[in-house]
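Trainee: I am new to this structure. Please show me how to read its features, one by one.

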Amino acid sequence: MRLDTAAVKRGCRKSEIAEFRQLCRAELDHFRNAAKAEGPLIVGCTQEAPLFGDEAKGRSGKLDFINLRETAGWSVEGTKAGPKMAALLAAVSEAAPAFPFVTLSSEGVILIYGRDELAVEAGRLLADHLDVTIMITKPSQIMPPATTSFPIVQGTIRNAKGHLGAFELTVDDYAAPRPSSRDTLVFEAPCDGLTSRCDIVLDLSGGKPLFPAHDLRDGYLRADLRDPAGMLRAVLRARDLVGNFDKPKYVNFTAEICVHSRSRLTGCHRCLDLCPTGAITPHGDHVKINAEVCAGCGQCAAACPTGAATYALPPPDALLHKLRAMLLTYRESGGSGAVVLLHDTQHGSTLIDALARHGDGLPANVLPFTVNEVTQVGLEAVVASFAYGAAGIRFLLRARPLHDISGLSQTITMADAIVSGLGFSGRRVATIETDDPDVLGEVLRSIEPAPAVERPATFKTVGKRRDLLRFALHELHRVAPVPTDVIALSQGAPLGTVTVNTDGCTLCLACVSACPTGALRDDPERPVLKFVEDACVQCGLCQSTCPEKVITLKPQIDFRAARAPARIIKEEEPALCIRCNKPFGVKSTIEKIAAKLEGRHWMYPAGDKRLDVVRMCADCRVTAMSEQQFDPFAGVPERASPRTTDDYLRERETKR
């Protein structure tokens, strides 16, 4: 491949750039000398990373590798790929913070769940390595073993939960075999509702998977009975699942800013709807994320409106720093029309490698950007990429994704509405769903060139996702061809306003108490309801809480909201206490209550001065009742037993 060293130097001005022909062989001494120097060192090839790693043992500076060959040099447009190489080098130079791990421990207790002799044969293969139990569902004719090497029982798994090292199964139709079984196993009388615990589950039943998104459940192995090779692979994988295994803690969670519910009323449930593995469950006013079950798809973090859930591989601000370095360096090196190709390692890198080795390679303007999971990418990353000058973004997915990608689809829908609303022409955001490298190349080459942003943003910021999104939107609006102020968004967007039917609003301010972000506000001096759109995350708690049901969410983005003062939604004259003149409520509401009570309730006969207490504040009301020596139970027939809440509820139902 031809290296455009001049273009790389233009983009990486603060770095020393050296070009070699055989660095991993004849010129290895040059690497040894470079490894002795202080500061970070980047090698533009990954094939000999183990060799270079051994040669650089003991160096104090950071050592990184980036694949410039398959991603840039091995291409029919390789001679134009200098700016891309500089961009990829700049991206890898951005540090990624460390992330925590959780440990899964397995002692090798395995349950093989099957329906015929295949399950027994799998047990024989694993008996020398694992603690095996066979559970047969809807048993066929199974011959009793001559020697009982492992238990064989009957049962049907009704419910399953857990993960590698901690599975808990609810079993119906459970029965042990009779020792007297002769030609086929005969089982005892079955019973239901038993609990079984194990470290590993090998499912050879051929039925419905025991878990949603079962491919993502650590310790749960499933094989197609019609695929002998697949069954053997599952058995070999099960054999190795003994010991302690570290897996990343993919999502960091801050319960204090979660807006799931308040006072047993549900607000935001985006993460609950999107989690493919069931790792997220309600937990009081917030949710709980089971790190052992979480498979790291990141859809919860991408959709969380407050940033309570944030992805850790890497955090959102670190991801933006890499995108910024890549896109700005690409432009400084002379590149134009950058298309960011977001992909994972397992699927995307394999396709890119195959396209480079057996096809035309990636176009010179396509910048591959590796993430742990494509579905982790949130709206802030997409918006920031366009603000930094990207001409397009493509998400590379499997032809048949391992799990539902609804969260990513929502992100793309929102991003498309924003960029098109701001005057960016053409199809700027889309997915490429394929397992064929040739199809990938054709789709990338067919992308229509898009006009470049004249003065792209250069901001670099840190903080929570909400702050990153706010800043990125502001910068995108600044560089947009048509800086529209208000853009309508689809349902579920984390930005928007609320509309209130003021005729039905009583200014009870229950919505203010429920609002977790302070978007809805009151005034301690007067009856007023205010709204700050920039703080609204469209969680829906105000809508759920409102007793009059007069609040409606309206997803949109108003670029003026960040600078706008609190907007008054409704304001009324306060009710002044007729005794001390202190404001204590809403005048119209107090008068409505008085009108409904006078002459219609036995405590407030028409024309009776007792009704005055309704127009008093709480303190004066107590004083007045004491002065009048008013007994609210006077004249009420005595009951044989105390009056309870059930009595009131029963009377209310009778009136209905």
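This is a predicted model: local features need pLDDT of at least 70, side-chain atom pairs count only at pLDDT 80 or more; totals for chains, interfaces and linings use all residues.

Trainee: Is Lys 570 buried or exposed?

Mentor: Lys 570 has a relative accessible area of 11%, so Lys 570 is buried. The cut-off for buried is under 20%.

Trainee: What is the general idea behind such pairs?

Mentor: Side chains of opposite charge can pair when their charged atoms come close. In this structure the count comes to 34 salt bridges.

Trainee: How far apart are the closest N and O atoms of Asp 29 and Arg 32?

Mentor: They are 2.4 Å apart, and the two residues form a salt bridge. Both sit in helix 2, three residues apart, so about one helical turn separates them. Asp 29 is partly exposed, at 48% relative accessible area. Arg 32 is also partly exposed, at 30%.

Trainee: Which residues are linked in a network of salt bridges?

Mentor: Arg 69, Glu 70, Asp 353 and Arg 357 are linked in one.

Trainee: Now sheets. How should I read them?

Mentor: Strands of a sheet pair through backbone hydrogen bonds, either parallel or antiparallel. Here, take the open sheet of three strands in the order 24-25-27. Its pairing is antiparallel. Strand 24 (520–523) and strand 27 (567–571) are the edge strands, and each pairs on one side only. Neighbouring strands are turned by 30 degrees against each other on average, direction ignored.

Trainee: How many bridges join strand 24 to strand 25?

Mentor: Three bridges join them, and the two strands run antiparallel. Strand 25 covers residues 526–531.

Trainee: Which residue in strand 25 stands opposite Asp 523?

Mentor: Arg 526 does. Asp 523 and Arg 526 also form a salt bridge, with the closest N and O atoms 3.4 Å apart. Asp 523 counts as buried, at 17% relative accessibility. Arg 526 is partly exposed, with 30%.

Trainee: What about aromatic rings?

Mentor: For rings, look at the distance between centres and the angle between planes. A search of the whole structure finds nine aromatic pairs. In one of them, Phe 31 and Phe 52 have ring centres 4.5 Å apart and planes at 45 degrees, so the pair is tilted.

Trainee: Where do Phe 31 and Phe 52 lie?

Mentor: Phe 31 lies in helix 2 (residues 28–36), and Phe 52 in helix 3 (residues 49–55). The pair therefore ties together parts that are 21 residues apart in sequence. Phe 31 and Phe 52 are both buried. With Phe 65, they form one aromatic cluster.

Trainee: Can you show me a stacked pair?

Mentor: Take Tyr 388 and Phe 459. Their rings are 4.8 Å apart, centre to centre, with 25 degrees between the planes. Tyr 388 lies in the loop between helix 12 (379–387) and strand 20 (392–397). Phe 459 lies in the loop between helix 14 (437–445) and helix 15 (465–479), so the pair ties together parts 71 residues apart in sequence. Tyr 388 is buried, at 2% relative accessible area. Phe 459 is buried too, at 8%.

Trainee: Last one. Is Leu 111 buried or exposed?

Mentor: Leu 111 counts as buried, because its relative accessibility is 3%. Its place is in strand 4 (residues 109–114). Beyond four places away in sequence, Leu 111 touches several residues, including Thr 133, Met 135, Ile 157 and Leu 169. Leu 111 and Gly 123 are twelve residues apart in sequence, and their C-alpha atoms are 9.1 Å apart in space.

Notes:
Residues are numbered from 1 along each chain as its sequence is written. Side-chain values use heavy atoms; hydrogens and water are left out. Helices (H or I, at least four residues) and strands (E, at least two) are DSSP runs, numbered from the N terminus. Buried means under 20% relative accessible area, exposed over 50%, partly exposed in between (1.4 Å probe, protein chains only). Contact means heavy atoms within 4.5 Å. Two strands pair if DSSP finds at least two bridges between them. Axes are lines fitted to C-alpha atoms, for helices over the stretch in contact, and angles run from 0 to 180 degrees between N-to-C directions. Rings of Phe, Tyr and Trp (its six-membered ring) pair if their centres lie within 6.5 Å; planes under 30 degrees apart count as stacked, over 60 as edge-to-face and the rest as tilted. A salt bridge is a side-chain nitrogen of Lys or Arg within 4 Å of a carboxyl oxygen of Asp or Glu.
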